[in-house]
Amino acid sequence: MNKKIRVWDLPIRIFHWLLVSCIIASFITVNIGGNAMQWHAYVGYCALTLILFRVCWGFVGSYHARFFNFIPSPNSLREYLQGQTKAVLGHNPLGSFSVIALLFSVGLQAATGLFANDDIAFEGPFAKYVSNAMVELLTSIHRINSTILIILIGLHLSAIIYYQIFKHENLVKPMLVGDKEIDPSEEAKYSPTDLGRASKDGGLQRGFALLLLSLIAVILGYFITAS
Ligand code: HEM
Ligand code: HEM
């Protein structure tokens, strides 16, 4: 019987799929334009809340969510690229760069949006606090980074398809249900310590995550509505 190990806790999974929904919605709304720009801003605020939550969860969350447990040292990255390391349950050393790049790019996109101006009728809530030159600069970064984000998402999806086709590893199912299923005959591929490290995902962790997310949303909402 396959061994089931909880890798992605519920907060990470909800974070991931909500983030995907926000990004899709922000691209749709900006393409519609006009009044939909207000919705572009709303989904952007949600994306920013999610990213801030994920950054905090990277320090206080469950084992596989923590940055310190998946950001590789140059040595471990080299060993991974040379095929000298065991398989890993969480993000692999190369994948972790894509995770950090995606988090950074989405965060930058949402943050610069707060100061952006579409030269028609819509501007981000903090644009009035900075000079015109700064608004122009941040709007340009918002535009350029949207292309970088599309490239990163393309690479992200290509990596997932690559794992499915060439390594016969379905990464999407664990991101949906939380567990990785390890066939006993494949246990040797993993390091015993990694196999012993499931992510805690009980009521306490989930309650704490909800509290943290709500707190971030309230603080961010306060600054946006007060502006
Ligand atoms: C992760 C969240 C976001 C994503 C993925 C996103 C994406 C985009 C994209 C793809 C464009 C079109 C860029 C182009 O014309 O080449 C755009 C434009 C714009 N976005 Fe966002 N955006 C986000 C968040 C926000 C937020 C929070 C605000 C403001 C509250 C905002 C305000 C604007 C404005 C004003 C423009 C028009 C800029 C222009 O005319 O060049 N965005 N955004
Ligand atoms: C808007 C598009 C997307 C963005 C911005 C995005 C972003 C991310 C981020 C930030 C992570 C890291 C999770 C964490 O540790 O917090 C991640 C992981 C993951 N994403 Fe996405 N994602 C997107 C679309 C998708 C889609 C469409 C799928 C599935 C078809 C997918 C499947 C996965 C999987 C399987 C992982 C875990 C990878 C691993 O095992 O290391 N993502 N994604």
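What follows is our talk about the labels, with the cut-offs behind them.

Modeller: A word on ground rules: this is a predicted model, in which local features need pLDDT of at least 70, side-chain atom pairs count only at pLDDT 80 or more, and totals for chains, interfaces and linings use all residues. Residues are numbered from 1 along each chain as its sequence is written, while chains are lettered from A and ligands numbered from 1 in the order in which they are written.

Biologist: Thanks! What makes up the protein in terms of helices and strands?

Modeller: Helices (H or I, at least four residues) and strands (E, at least two) are DSSP runs, numbered from the N terminus. By that rule the protein has eight helices and two strands, and their order along the sequence is β-α-α-α-α-α-α-β-α-α. The C-alpha atoms fill a box of roughly 60 × 40 × 30 Å along the principal axes.

Biologist: How do you know that the length of H1 agrees with its number of residues?

Modeller: The expected span is 1.5 Å times one less than the number of residues. H1 has 23 residues, so it should span 33 Å, and its end C-alpha atoms are 33 Å apart, which agrees. After H1 comes Gly 33, with a positive phi near 70°.

Biologist: Why is Ser 21 called partly exposed?

Modeller: We count other C-beta atoms, placed from the backbone, within 10 Å of a residue's own: 20 or more means buried, 12 or fewer exposed, and in between partly exposed. Ser 21, which lies in helix H1, has 14 within 10 Å, so it is partly exposed.

Biologist: Which residues of H1 are buried, then?

Modeller: They are Pro 11, Ile 12, Phe 15, Cys 22, Ile 23, Ser 26 and Thr 29. These buried residues pack against H2, H4 and helix H8 (203-226), where a contact is a pair of C-beta atoms, placed from the backbone, within 7 Å. Across the protein, buried residues make up 25% of the 227.

Biologist: Why is Asp 119 counted as exposed?

Modeller: Asp 119 has 10 C-beta neighbours inside 10 Å, so it counts as exposed. It is found in the loop between H4 and H5, and its phi is positive, about 65°, although it is not a glycine. Most residues other than glycine have a negative phi.

Biologist: And what makes His 168 exposed?

Modeller: His 168 has 7 other C-beta atoms within 10 Å, so it is exposed. His 168 is found in the loop between H5 and H6, and has a positive phi of about 50°.

Biologist: How many residues surround ligand 1, and which are the closest?

Modeller: A residue is near a molecule if its C-beta atom, placed from the backbone, lies within 6 Å of it. On that basis 25 residues surround ligand 1, the closest being Ala 41, Gly 44, Gly 113, Asp 118 and Ser 146. The largest share, five residues, comes from H2.

Biologist: How do the residues around ligand 1 divide by class?

Modeller: Ala, Val, Leu, Ile, Met, Phe, Trp, Tyr, Cys and Pro count as nonpolar, Asp, Glu, Lys and Arg as charged, and the others, Gly among them, as polar. That gives 11 nonpolar, 10 polar and four charged.

Biologist: What does the shell around ligand 2 have by class?

Modeller: Around ligand 2 there are 14 nonpolar, four polar and one charged. Of its 19 residues, Ile 23, His 91, Val 99, Leu 171 and Met 175 come nearest. H1, H4, H5 and helix H6 (172-177) each give two or more residues to that shell.

Definitions and conventions: Contact = placed C-beta atoms within 7 Å.
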